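Visitor: I'd like to learn how to read a few backbone features. Could you walk me through them?

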Amino acid sequence: MPPRDLPGLYWDEDRQRYFPLSSAPSHGKERPDIDPIAQSQQRTASDTDTRNQTFPLMKSQHRLFSGLRSSPPSTSRKDRLTHFLQCSQFASTGKVERSLMHSPWYGGSVTAFQTAHHNGRVWSFAGDSVGWFYSSLTSSRNPTTTIFAHGWQPEFNLSSEISSICCSGSWCIATSFGPDCKILHFPLDTTTEDIRVSRIDSRVACDIWTADLRGSRLALGARSQLVCIDDIANRATVHNLPTYSDVFSVAQENHVIYAGLRNGGIFRFDTRTWGSKGDALLDGLFTQPHSSITNLRLLCDFQLLVSNVDGKISTFDLRFPAIRTPLKVYTGNVNSYVIKAPIAVDPSEDFLFAAGQDNRIRLWSLRSGGPPLAPNTSSTPMKFQGLNLLQHHFMQPIRAMQISEEAEGMALWVGSGSDVFKYSLGQHVSAGCNF
């Protein structure tokens, strides 16, 4: 069997070992111009055929259970079978609850959504296309009902579309899109703080596409720049980092902020050296031709998950920021122009959900890559098969998604039109539904 492709390294057949790509002999010829994404897709397809047994295993759950019982404890095989079983269960998800957002202004559709657990309470937040910000509060100690009995409370109107909602610590932040941008600060400790709204001068930033809150630091993706506020509670210094293209996606950890741009560029900024221009990653892989970066997610400490406006989804190794070859490619996503095409990753970073331009949701195993998992309806009555998460065709575009950990298991929240759907992952239609 040929050796595995490792980022930044090549295999020398004569010497039977790996060497850095920079030292690869050219033999007087230039290397052919190969699309690293397409090359990785071919490799992923080959890997699926030879090593990844997800699809045949998913056809028979009793075989998985039998394999788990016969596997010695703490083995890689047991871990793999457990993952395949979870793949099968997630692909059979059918239990769903539906809540209608009653907008004070007719015609608003959900554009952002977020849940947060704080001090024994579960907060849910939503924003719509006409600027309304909603909150909903329940106790994490109370059982979840099949309807949102507590309802949605309109808190404030920011005058233009809510472009993002993010939570961290004791704060929830919502941003609005347009030339007259606003930031809403919603304290989760409502007894000690009040809701406040700050207006951003158009000379500082406009057209806020997205935001990411980590601790007290807020990163805003705006027109032609990344804007960073060091401490949202104390309204500390604002840093403007030019990108010369609109920032559609933002991800941050520790002292580093990643920005995905309209022109396909991905930049990395170090908050300890604000004077730097930022580092361009992946050697301009998505800039020629341009393929806008619609989502960025940081995985496993050193991986960056990237989704593009043309439907590509792939992961890259941040330890080799100039390498253009992805670690994994996730094929089968449907998109050609939608910028607000959300993705969601589970807390264990094993599964990826993506909303397609065709108003359908697809599911991948982050471990294996390749094509999406097929809907598993083997145990679902025919009349309920249309409720299966992976088969359901939403009537309106999907603009927001999030995975949360609930008392009864993981849930996928979906914002489509004026509705918020809550899918109980791994639970069949027979477990109950409320449409």
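Guide: We'll start with the overall picture and then turn to single residues. This is a predicted model, where local features need pLDDT of at least 70, side-chain atom pairs count only at pLDDT 80 or more, and totals for chains, interfaces and linings use all residues. Residues are numbered from 1 along each chain as its sequence is written, and side-chain values use heavy atoms, with hydrogens and water left out.

Visitor: How many helices and strands does the chain have?

Guide: Helices (H or I, at least four residues) and strands (E, at least two) are DSSP runs, numbered from the N terminus. Here the chain has four helices and 29 strands.

Visitor: What share of the chain is buried?

Guide: Buried means under 20% relative accessible area, exposed over 50%, and partly exposed in between (1.4 Å probe, protein chains only). Of the 435 residues, 51% count as buried.

Visitor: Where is the cis peptide bond?

Guide: Look at the bond from Gln-288 to Pro-289, with omega near -10°. Pro-289 sits in the loop between β19 (279-280) and β20 (293-299).

Visitor: What about phi of Asn-119?

Guide: That phi is near 50°, a positive value in a residue other than glycine. Asn-119 belongs to the loop between β4 (110-118) and β5 (121-128).

Visitor: Is Asn-119 buried or exposed?

Guide: Exposed, at a relative accessible area of 58%.

Visitor: And what is phi of Asn-254?

Guide: Near 50°, again positive in a residue other than glycine. You'll find Asn-254 in the loop between β16 (247-253) and β17 (256-261), and Asn-254 is exposed, with a relative accessible area of 64%.
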